[in-house]
Amino acid sequence: MNNIYFIGFMGTGKTTISRLIAERLNMKWVDLDDMIQQKEKKTIVEIFRENGEEYFRNLEKEVLTDLAVERGYVVSTGGGIVIIDENVKIMKESGLIITLVASPDVIYERLKDDQSRPLLQVPNPLEEIKRLMYERAPFYIKGDMIIDTSFDEPDMIVEEILKEIEKRKNGKGTC
Ligand code: S3P
């Protein structure tokens with residue numbers, strides 16, 4: 001199978017869900033943020049602070065481009081990967097894109113004590129979540145399927161995704 005890419009806003013559960021999907025489908029799992037951190041030998045926070053967002057976006061595109069030629073990976077991407085059109089094109093051409101969504105309030109609750117997201121270290125994180133989400137919504141809806149993670153437990157979400165993948169394999173996909 002080609003790769004499966006998980007996209008979506010920070011805190012929608014991409015890491016947790018994609019890892020479980022990889023296990024269930026017996027595919028390899030990778031997190032693009034981890035790859036970037038290993039490549040730079042710095043944390044995401046340090047990269048943003050010392051090199052800026054544009055530098056980070058270039059790295060993100062580089063690691064995605066390298067991965068897109070591989071097969072059999074379930075990929076957890078960073079929430080902002082979609083803001084570069086070329087990245088969406090690369091993912092579309094090399095696999096299936098699954099978008100995870102959650103409400104701003106849920107995301108805020110999940111991330112309010114988390115200091116590892118540089119873009120949310122602002123005086124009013126909830127407002128920033130809403131603003132960024134609104135800005136990025138047109139990109140997130142480009143996924144092949146859209147799954148809301150606001151309310152259900154990861155295991156249920158995984159079952160829902162596996163069913164959708166199965167439908168698509170049988171040519172019954174509606175997304
Ligand atoms: C970002 C999301 C983060 C990380 C970086 C930028 C974004 O990844 O790539 O902090 O622009 O939304 P997660 O979505 O895994 O938190």
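Which atom of Gly 79, backbone or side-chain, lies 2.8 Å from an oxygen atom of the ligand?

Reply: In this predicted model, a backbone N or O atom of Gly 79 lies 2.8 Å from an oxygen atom of the ligand. Of the 380 Å² of accessible area that the ligand has on its own, the protein covers 95%.

The shell around the ligand counts 14 residues, with Lys 14, Arg 57, Gly 79, Arg 117 and Arg 136 as the closest; by class, this shell is made up of 6 nonpolar, 3 polar and 5 charged residues. Among the secondary-structure elements, α3 and α4 are those that give two or more residues to the shell.

The ligand takes up the space of the largest pocket, which holds about 610 Å³. That pocket is lined by 34 residues, and those closest to its centre are Met 10, Gly 11, Lys 14, Asp 33 and Arg 117. The lining divides into 10 nonpolar, 14 polar and 10 charged residues. At least two lining residues come from each of α1 (14–25), α2 (32–40), α3 (44–51), α4 (53–68) and α8 (154–169), and α1 gives the largest share, with 4 residues.

Notes:
Residues are numbered from 1 along each chain as its sequence is written. This is a predicted model: local features need pLDDT of at least 70, side-chain atom pairs count only at pLDDT 80 or more; totals for chains, interfaces and linings use all residues. Side-chain values use heavy atoms; hydrogens and water are left out. On a 1 Å grid over the protein atoms alone, a cavity is a set of points where a 1.4 Å probe fits but cannot get out, and a pocket is an open set with protein on both sides within 12 Å along at least five of seven lines; lining residues have an atom within 4 Å of a point. Grid points are joined across faces, edges and corners, and a volume is the space filled by probe spheres set on the points. Ala, Val, Leu, Ile, Met, Phe, Trp, Tyr, Cys and Pro count as nonpolar, Asp, Glu, Lys and Arg as charged, and the others, Gly among them, as polar. A residue is near a molecule or strand if one of its heavy atoms lies within 4 Å of it. A polar contact is a pair of N or O atoms within 3.5 Å; within protein, one must be able to donate a hydrogen and the other to accept it, and residues adjacent in sequence count only if both atoms are side-chain atoms. Accessible areas come from the Shrake-Rupley method with a 1.4 Å probe; for residues, only the protein chains shown count as cover. A molecule sits in a cavity or pocket if more than half of its atoms lie within 2 Å of its grid points.
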